[in-house]
Amino acid sequence: MTCLEPLTPDEFTVWYRHIGRLRLFWAKPLVELFPLYRIAEGCVLKARWASERPKIEEAYIAILKKIRKLDFLLSLRGLKILITPETVEDNLYQQKASLYLYATSRPCATGIHLEKVPEGYPEPTPDHVVVASSQSELRYLFYLNRWSFNIDYLWVASGEYIDKVVENAVCEARRLGGRYITIVAGGGHLDSVDLSKHKPDFYYNIYKLSF
């Protein structure tokens with residue numbers, strides 16, 4: 001069960017499992033993910049994460065299309081994550097991130113595949129496809145996860161190249177059979193990149209709730 005449109009339950013599980021390797025405040029290496037209940041506004045899932053310490057962390061993930069009241073989450077003891085297209089009042093959360101989804105049915109462009117990453121950039125894993133603007137003069141560089149279709153790492157010389165990043169990622173994901181690409185910003189990940197100019201097909205706010 002998932003309420004994160006437009007992802008199917010299977011797509012969401014694969015996506016969330018792979019994005020957990022980035023160790024974000026709302027997604028960490030996944031041990032288990034299962035549904036708790038569905039409500040009119042969405043649904044609630046429970047995640048168990050592998051901690052850096054020798055213990056298992058637990059978190060509740062509420063995915064809500066609309067927010068009326070959040071009181072029903074008070075009975076859930078522990079970390080609570082809210083994913084919603086709506087905005088939450090500042091006093092109700094501790095951390096915030098943004099999630100952008102782009103359909104691979106969009107027009108796209110083909111970038112340059114790099115076999116070797118230039119010095120100074122993090123080493124990609126075998127799960128990544130590395131795409132850049134050129135072999136010599138870099139204007140952008142990104143690592144697309146071939147399973148979750150998330151851009152796990154992104155570097156741009158300036159914000160004007162974000163459109164090319166999205167177009168190239170769309171092309172690459174479509175080639176690999178993906179229906180959407182995702183980009184996560186905020187919460188310590190891609191904080192310096194302004195994605196506001198390139199309108200996504202779906203947009204969500206992600207909150208670590210304070211209660």
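Predicted model: local features only at pLDDT ≥ 70, side-chain atom pairs only at ≥ 80, totals over all residues.
Seven strands form an open sheet in the order 1-2-3-4-11-5-10, and their pairing is mixed. Strand 1 (30-39) and strand 10 (180-186) stand at the edges. Each has a single partner strand, so one side of each lacks a neighbour in the sheet. From one strand to the next, the twist averages 20°.

Look now at one pairing within the sheet. Strand 5 (residues 93-103) runs antiparallel to strand 11 (residues 202-209), and 8 bridges join the two.

Helix 1 (residues 9-19) touches strand 1, strand 2 (42-50), strand 3 (56-64), strand 5 and strand 10. The direction of helix 1 makes about 135° with that of strand 1. Helix 2 (residues 162-176) touches strand 5 and strand 10. Its direction makes about 140° with that of strand 10.

Helix 2 can be checked for length. At 1.5 Å a residue, its 15 residues should span 21 Å. The end C-alpha atoms of helix 2 are 21 Å apart, which agrees. Just after the helix, Gly177 takes a positive phi of about 95°.

Which residues of helix 2 are buried? They are Ile162, Val165, Val166, Asn168, Ala169, Val170, Cys171, Glu172 and Ala173. Their cover includes strand 5, strand 6 (112-113), strand 7 (128-132), strand 8 (140-145), strand 9 (151-156) and strand 10.

Next come the aromatic rings. With ring centres within 6.5 Å as the cut-off, the count comes to 9 aromatic pairs. Take Phe12 and Tyr16. Their ring centres are 5.8 Å apart and their planes meet at 15°, so the pair is stacked. Both residues lie in helix 1, 4 residues apart, about one turn of the helix. Phe12 and Tyr16 are both buried. Ring pairs also link Phe12, Trp15, Tyr16 and Trp26 into a cluster.

A second pair brings us back to the sheet. The rings of Tyr100 and Tyr203 have centres 5.1 Å apart and planes at 65°, so this pair is edge-to-face. Tyr100 lies in strand 5 and Tyr203 in strand 11, so the pair ties together parts 103 residues apart in sequence. Tyr100 is buried, with a relative accessible area of 11%. Tyr203 is partly exposed, at 31% relative accessible area.

How values were computed. Residues numbered from 1 in each chain as written. Heavy atoms only, no water. Pairing = 2+ DSSP bridges. Axes fitted to C-alpha atoms, helices over the stretch in contact; angles between N-to-C directions. Contact = heavy atoms within 4.5 Å. Expected span 1.5 Å × (residues − 1). Buried < 20%, exposed > 50% of the residue type's maximum accessible area, 1.4 Å probe, protein only. Phe/Tyr/Trp six-rings, centres within 6.5 Å; stacked < 30°, edge-to-face > 60°.
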